[in-house]
Amino acid sequence: MDPAIRQALNHGERLGGRYALQIPQVAASGWTGSRSGRRTGSSIDFQDYREYEPGDDLRFIDWGIYARSDRLTVKLFREEVTPHLDLILDGSRSMNLENTAKAEAAAGIAALLAAAATNAQCTRSVWLSGEGFQRLPNDTSPSSAWDSLEFNSQRTPEQSYEILAPKFRRLGVRVLVSDLLWPGNPLPTLRRLRDGAAALFVIQLLGRDDVNPPEHGNLRAADCETGEEIEIYIDATVARQYAGNLARLQQSWADACRQCGARMTTLVAEELEQSLGELESIQLLAPA
Amino acid sequence: MIPFLTYPLALLALASLPALAAIYILRNRFRRRPVSSLVLWRFNVQSKPGGAKIHRLQLPLLFFLELLGLLLLVVAAAGPHWQLPQSTRPLIVVLDDSFSMRAVHHDLSAQARAADFLEKLFHQPPPSTRFILAGTQPRLLDAPVRGWPEAAKLLAQWKCWSPGAAIDSAITLAAEIGRQQANILVLTDHGPADEKISNPRLEWRAFGAPLDNLAMVNASRTAFGDQDRCLLEIANYSGELRTAQLLVQAGSNDVQRTTLSIGARGEQRLVFNIPAATPLLRASLEPDALVEDNDVRLLPPVRKRVRVQVALTNAAWSSLINQTLEATGLRAAISDQPELVIHESDTMAGSNSWSLRWLSPAGTTAYVGPFILDNSHPLAMGLTLEGVVWAAAACTNTSGEIPILLAGNTPLLSAREDALGRRHLTLNFNPGLSTLQNTPDWPILFWNLLQWRAAESPGLRESNARLGTEVELKTTGEPITVIRPDDTSTVFPKTGGDLALETPLPGLYSVLAGTSTNRFAVNPLAADESDLSRCTTGQWGAWSEETERRFQETSAVWIFGLAALAILVTHLYLLAAGKGGR
């Protein structure tokens with residue numbers, strides 16, 4: 001793994017110590033854990049009474065009420081669950097664009113979210129797109145122990161999904177970290193990600209060069225994923241058209257997110273630390 | 001076609017054009033840049049022809065402005081000229097400045113008649129007129145004039161004292177000055193060599209008349225021992241026998257009065273001696289059509305003597321040298337402060353004198369030739385050395401000495417010049433075994449030596465000169481004042497070496513150098529000018545229509561300069577406004 005990415009993971013982990021993942025109420029379900037769920041369970045937190053039904057555990061019958069009212073009543077306790085975070089990383093080459101800090105920023109965000117999930121007593125899975133979605137080795141360990149985090153796939157997350165879909169945990173919180181720069185309608189992708197999830201967050205991570213192309217001059221733009229090249233003379237008009245294209249792309253993703261109930265934000269890789277407030281504003285993170 | 005190679009600035013500016021193009025080509029080449037996705041670049045993309053290797057350059061407007069600006073500066077640096085139509089032509093007048101124009105016919109000289117014609121011509125003055133004096137060399141007079149008063153002022157310089165008229169050269173000069181566009185008017189006293197004038201811009205007018213003339217065409221006064229020998233040559237430029245009286249006067253005394261009878265187009269020479277003490281000799285003929293060539297003045301010739309000191313130890317050689325020097329007639333009677341020392345020693349003799357060192361004849365060898373002689377040297381003039389036996393020491397030349405006479409590789413006579421301009425000669429000669437002293441070459445050699453030394457001493461080289469020639473003056477560094485016959489004077493500040501004095505007027509000139517005064521006489525002796533038989537009156541050639549259109553070249557540099565300035569201002573504005581595309 002690239003030492004720069006390793007370093008970014010460590011840095012993100014340190015940053016994530018200051019945050020905790022915000023778990024929506026709907027996500028308060030899952031495996032038995034230490035966090036109160038939204039259903040009844042076996043914790044010590046009293047939740048309600050109800051009439052005894054055959055099959056109920058006799059240990060939860062409230063004998064005091066039976067003595068007073070001669071009715072069999074059982075006490076219900078809140079269940080204790082462990083919420084889950086599915087972190088989906090775009091492993092395509094565009095996330096490791098030359099002369100940008102996108103790869104380091106993506107690793108940093110992933111480590112940050114992992115640390116924040118730990119702070120929120122969440123389990124997590126880290127999925128990396130490539131030839132299908134694969135879980136990152138050691139992804140349940142602290143991010144400093146992760147391995148094989150490389151952004152060298154020629155496939156977009158959408159294509160990876162077609163090859164091998166990830167096995168997300170139901171009612172988990174899912175976070176997609178990608179530059180979202182691939183053609184097509186984002187709605188189907190988002191729907192698949194949203195399916196069965198308690199919440200879906202989309203973090204668009206762009207490099208400064210993605211946001212601000214060269215002002216003037218002749219440019220042979222080479223797609224870092226496909227290798228395709230086009231020659232363009234950039235002037236003020238072309239620069240405006242580029243900005244319009246980027247805005248339209250972001251708007252299409254924002255609209256799709258709205259339709260799916262997902263939340264989206266855009267971060268610039270080179271300005272990551274200054275932009276962490278954006279993650280709080282979409283209620284993904286909260287101070288620990 | 002702009003001759004760029006003759007305009008280095010234009011060439012440099014032109015060289016900047018490919019440099020500018022290279023800058024823009026390199027700057028505008030397609031730079032490869034990886035991008036995250038081409039999805040954002042799918043717009044207004046230039047279609048790339050399949051397999052095409054050459055792409056049209058996308059150059060900004062500023063490039064074309066800079067290119068245009070540079071091109072304009074290139075053209076401006078080449079000094080372009082445009083030909084603009086003009087309705088009238090300037091006039092260049094060629095004036096015959098020879099003294100034959102002074103010949104009088106019906107009380108009017110050709111010069112006066114030509115001046116009258118000019119005055120009438122200026123009743124409708126040309127747009128601009130220039131004058132060229134056609135003397136022995138054409139001379140352009142000052143600036144163009146536009147009216148008769150200015151022209152009359154300039155014509156005061158038209159004195160007609162030149163011994164010849166280079167009219168063809170003057171016409172060539174006029175054509176060059178007028179860029180083949182100006183009208184040329186020749187005012188003279190004779191017709192053109194070619195009766196048919198093909199140049200449509202040339203008009204030739206003659207105002208002379210074929211007159212009979214007796215003239216003195218040659219006059220000289222040379223030293224002849226204790227006397228002066230005078231020569232006068234009188235020519236009869238008429239078609240019949242002419243009789244005239246020649247009067248030769250020295251001061252107010254008549255030296256000779258002779259009646260000459262000279263046949264048609266014949267000449268007669270008179271040679272006579274006069275005492276050397278006779279100051280100014282004046283010879284005159286009776287007045288005729290051209291009085292200027294009837295009178296000559298002859299001053300005594302310049303007699304320069306050389307003070308020679310013979311310091312030879314051998315009495316026989318000393319006697320031989322003394323006899324030879326006396327025979328030349330150029331030796332001064334005294335030998336104090338010698339100008340030439342003849343000696344045998346190696347040491348230098350005298351502070352300001354030339355020296356002739358006679359080499360001691362040790363190991364003498366007799367040479368019978370062939371002798372190698374530097375014929376361009378003043379000492380070699382007239383030397384033949386035929387049959388001469390020259391005995392000399394077989395030695396080689398010392399450094400710094402230039403051999404004048406050699407026998408094989410043995411220098412017999414050599415010379416060198418020191419830092420003060422003194423000449424030091426070395427004569428390798430043993431008279432005991434030689435026959436040189438018995439041949440005419442011996443006195444010739446010493447006459448040449450004294451003549452050379454005399455010529456290098458300060459003062460005039462000659463006292464009588466022909467009109468238009470230059471009189472040489474050897475100066476010692478003092479300021480020289482020359483007073484001309486018309487009492488005008490010219491001062492030459494401190495000069496060293498030779499000074500050539502012009503003789504534009506006939507008469508007596510005075511040369512003042514320090515406390516000494518020298519004089520020389522200048523006489524108008526020119527047979528061609530005195531011969532008036534070819535003079536005539538008439539007109540040859542005529543200018544084309546005055547109103548015809550002609551073209552005059554006008555500089556167009558300012559137009560290109562202004563255009564370049566406008567381009568640069570536009571460039572600046574586009575840069576400031578950010579509209580240049582770069």
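Which residues are exposed on the other side of H3(B)? In this predicted model, helix H3 of chain B spans residues 110-121. The helix has 12 residues and reaches 16 Å from its first C-alpha to its last, close to the 16 Å expected at 1.5 Å a residue. Its buried residues are B:Ala110, B:Gln111, B:Arg113, B:Ala114 and B:Leu118. They cover an arc of only 165 degrees around the axis, which places them on the same side of H3(B). On the other side of the helix, the exposed residues are B:Asp116 and B:Lys120. In an α-helix there are 3.6 residues a turn, so residues three or four places apart point the same way. The packing partners of the buried residues of H3(B) include both strands and a helix of chain B: strand E3 (91-96), strand E5 (108-109), helix H4 (148-154), strand E8 (183-188) and strand E9 (202-207).

Chain B also contains an open sheet of four strands, in the order E13-E12-E15-E16, with antiparallel pairing. Strand E13 (253-262) and strand E16 (295-298) stand at the edges; each has a single partner strand, so one side of each is left without a neighbour in the sheet. From one strand to the next, the twist averages 15 degrees. Within this sheet, strand E12 (residues 242-250) pairs with E13(B) in the antiparallel sense over nine bridges. B:Arg242 has B:Ile262 in E13(B) as its bridge partner.

Turning to chain A, eight helices and 12 strands are assigned. The chain has 288 residues, of which 43% count as buried. Among its contacts between residues at least 6 apart in sequence, 77% join residues at least 24 apart.

The two chains meet through 31 residues of chain A, which are in contact with 23 residues of chain B. On the chain A side, the elements that give two or more residues are strand E9 (217-223), strand E10 (229-234) and helix H7 (236-260). The most is given by E9(A), with seven residues. By class, the side of chain A that touches chain B comprises 15 nonpolar, seven polar and nine charged residues. Strand pairing also links the chains: E9(A) and strand E1 (residues 31-35) of chain B pair in the parallel sense over five bridges. Across this pairing, A:Ala221 stands opposite B:Arg33 in E1(B).

Note on methods
Residues numbered from 1 in each chain as written. Chains lettered and ligands numbered in written order. Predicted model: local features only at pLDDT ≥ 70, side-chain atom pairs only at ≥ 80, totals over all residues. Contact = placed C-beta atoms within 7 Å. Nonpolar A, V, L, I, M, F, W, Y, C, P; charged D, E, K, R; others polar. Pairing = 2+ DSSP bridges. Axes fitted to C-alpha atoms, helices over the stretch in contact; angles between N-to-C directions. Buried ≥ 20, exposed ≤ 12 C-beta atoms within 10 Å, placed from the backbone. Expected span 1.5 Å × (residues − 1). Arc of directions from axis to C-beta.
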